[in-house]
Amino acid sequence: MGHIYKVIAYFLIYRAFVVEAIERPYTELAVAEQSLRQDEERFRRALEAAPNAMLMVDDTQTIVLSNGRSDALFGYERGDLIGKPLDILVPDTLKNTHKGLVMHYMQAPSDRPMGADRFLHARRKNGDLFRVEIGLTPLAIKNRTFILASVVDITGRLEAEARIEKLIYYDSLTDLPNRQLLKDRVNQLIANSRQNNALFGLLYLDLDRFKNVNETLGHSVGDRLLAAVAKRLQAAAGSEATIARVVGDEFVVVITLKHEEDAARLARQLLAHISKPYSFDEHHLALTPSIGIALYPEDGEDFDTLMKSADMAMQLVKLEGRNDFHFFAKEMQQRTGRMLQLESALLSAIDENQLHLVYQPQVRIADGKVIGVEALLRWNHPELGAISPAEFMPIAENSGQIITIGALGPAYRGQPSQTHAQSGSSTHDHVGQPVGSAVSSPQPHRPGERHPDRNRTAPEYLELELTESAAMLNPDHAIHILQTLHKRGVRLSIDDFGTGYSSLSYLKKFNIYKLKIDQSFVRDIATDVDDRAIVSAIIQMADSLGFHTIAEGVETQAQLDFLRERGCTEIQGYLYSKPLPADALDLWLQKISPWMPDKVDMDCC
């Protein structure tokens, strides 16, 4: 029995070892498979719990894993991305770029850290494109390489950053670069120009008398006008130029140049584009720019100096009459200094009565009789001497001091009436004839202006004289004011006719009594064919419209003969008399007989 038990014991031990030897591989495999399944499940749960959209791609660039956030981000149902090629999430134009990026990380060591974030375009199931930030990590599993991608939609963030950048660097009204971005671009251009020895120009543009638009029509119309100007600047300058709105109604255009004259050509284009009429609802506006040009490196080697030089050139255009362009020159610094000196001195000139009137007779050509006088403003400074109205009147208008000067009018305008009374004229028909008053460009746009009451002159004895450029700045508004004055009995005339941009359709609506031919055309009519043609055309047009004409600056008999032949109504100039002080005018009038005063024409220049 003992032997049998021993055999059984050996058999059981043998069987145990044999069975264990046979079953052990299957048990270990099951445990390994179970462990793998557990690892895979943990990995899936980790992917699902990740805060970002997660994708895993194999070495064939096929998606093998995705979490719910990834499915939702790209617009797919749960699990639909698995087995799909990566290309379905990539815009067609960028597929090669994405493939190259994935292959780069496939070949990387498996222990390398998370790849640097990249900003790429992605495509949703419906075809919409959006921006993503993606991080890539290579994984080695069973001798195969996979790429784990973390994807974040950054479209909203980029849009917010773009909005912030636009607020910092762009003008909200015109969408043009502001001064800060302009400075950055000019500095870049300076750096490039230094390396390449290149030339570029900076054009500083200011809209003439733009503030009158805001004051009379409101800022909403002014804003629409600025936006329209911005579009015209872009159309005229082209895509290669940088166009910026630096402040208010001031713009800057910066462009590379082959030659200096290219800047002049561009300035002419800008003048032509900006000066075309504007229409907003019932408003029809005329606008002109003044442009100053500075060249790099001649006029400045940094942004601030170039801006200052171009600004000085622009101010010179303002002084010379606006609606033009001028290059910067060194002597402009001296002119600008004098301009500031005169602006300061003008304040004390008003308080210290340095301004006074002189009077120049106006003569009817038909019978050679005096029909009135034009009052001209003069300034004698105790240190600077006599200062020309052509120099100080633009300064007065730009600084706003013209309004104060205009308010001084009643102190002067009594003098011609006294002169008239002293002239001894007994002709009843000519007693109390109209008194003329020239109006500076800002004045007709001032709300509530009441010239007849202000001058204490009855409307039927008042003649207002308005420059052509002032009338055409805002013709619709001028028509409204001039028609109101006309109904009150005030005579109206246009000064310096031919120097502006009048539209005949507007001119007829102004209820004009008289056109004054500018002396720049009269000066050479005896010898210059073009001036003769211009003056003849003005006289003929005025006659056909029923206007009187008066030519200023007549100095020779030849000029008078030409004007008489062409049918001009009246003249004034040194041929008859220079401008005279009131006392001298009294003596002059006493020597001529009879004097037939139709009006006294008040002017400021």
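Student: Which residue in β12 stands opposite Gly-292?

Tutor: Gly-292 faces His-326 of β12 in this predicted model. As a general idea, strands of a sheet pair through backbone hydrogen bonds, either parallel or antiparallel. Here β11, which covers residues 289–296, pairs with β12 in the parallel sense, and the pairing extends over 3 bridges.

Student: In what order do the strands of the open sheet lie?

Tutor: The order is β7-β8-β6-β11-β12, which makes 5 strands with mixed pairing. At the edges are β7 (242–247) and β12 (325–327), each of which pairs on one side only, and neighbouring strands are turned against each other by 20 degrees on average, direction ignored.

Student: Which helix lies across β6, β7 and β8?

Tutor: That is α7, residues 219–237, which runs at about 10 degrees to β8 (250–257). Helix α8, residues 261–274, also packs on the sheet, where it touches β6, β8, β11 and β12, and its direction makes about 160 degrees with that of β11.

Student: What span should helix α9 have, at 1.5 Å a residue?

Tutor: The 17 residues of α9 (303–319) should span 24 Å, and the end C-alpha atoms are 25 Å apart, which agrees. At the start of α9, a side-chain oxygen of Asp-302 comes to within 3.2 Å of the backbone nitrogen of Asp-304, while after the helix comes Gly-321, with a positive phi near 125 degrees.

Student: Which residues of α9 are buried?

Tutor: In general, an α-helix has 3.6 residues a turn, so residues three or four places apart point the same way. In α9 the buried residues include Phe-303, Leu-306, Met-307, Ala-310, Ala-313, Met-314 and Val-317.

Technical notes
Residues are numbered from 1 along each chain as its sequence is written. This is a predicted model: local features need pLDDT of at least 70, side-chain atom pairs count only at pLDDT 80 or more; totals for chains, interfaces and linings use all residues. Side-chain values use heavy atoms; hydrogens and water are left out. Two strands pair if DSSP finds at least two bridges between them. Helices (H or I, at least four residues) and strands (E, at least two) are DSSP runs, numbered from the N terminus. Axes are lines fitted to C-alpha atoms, for helices over the stretch in contact, and angles run from 0 to 180 degrees between N-to-C directions. Contact means heavy atoms within 4.5 Å. The expected span of a helix is 1.5 Å times one less than its number of residues. Buried means under 20% relative accessible area, exposed over 50%, partly exposed in between (1.4 Å probe, protein chains only). A polar contact is a pair of N or O atoms within 3.5 Å; within protein, one must be able to donate a hydrogen and the other to accept it, and residues adjacent in sequence count only if both atoms are side-chain atoms.
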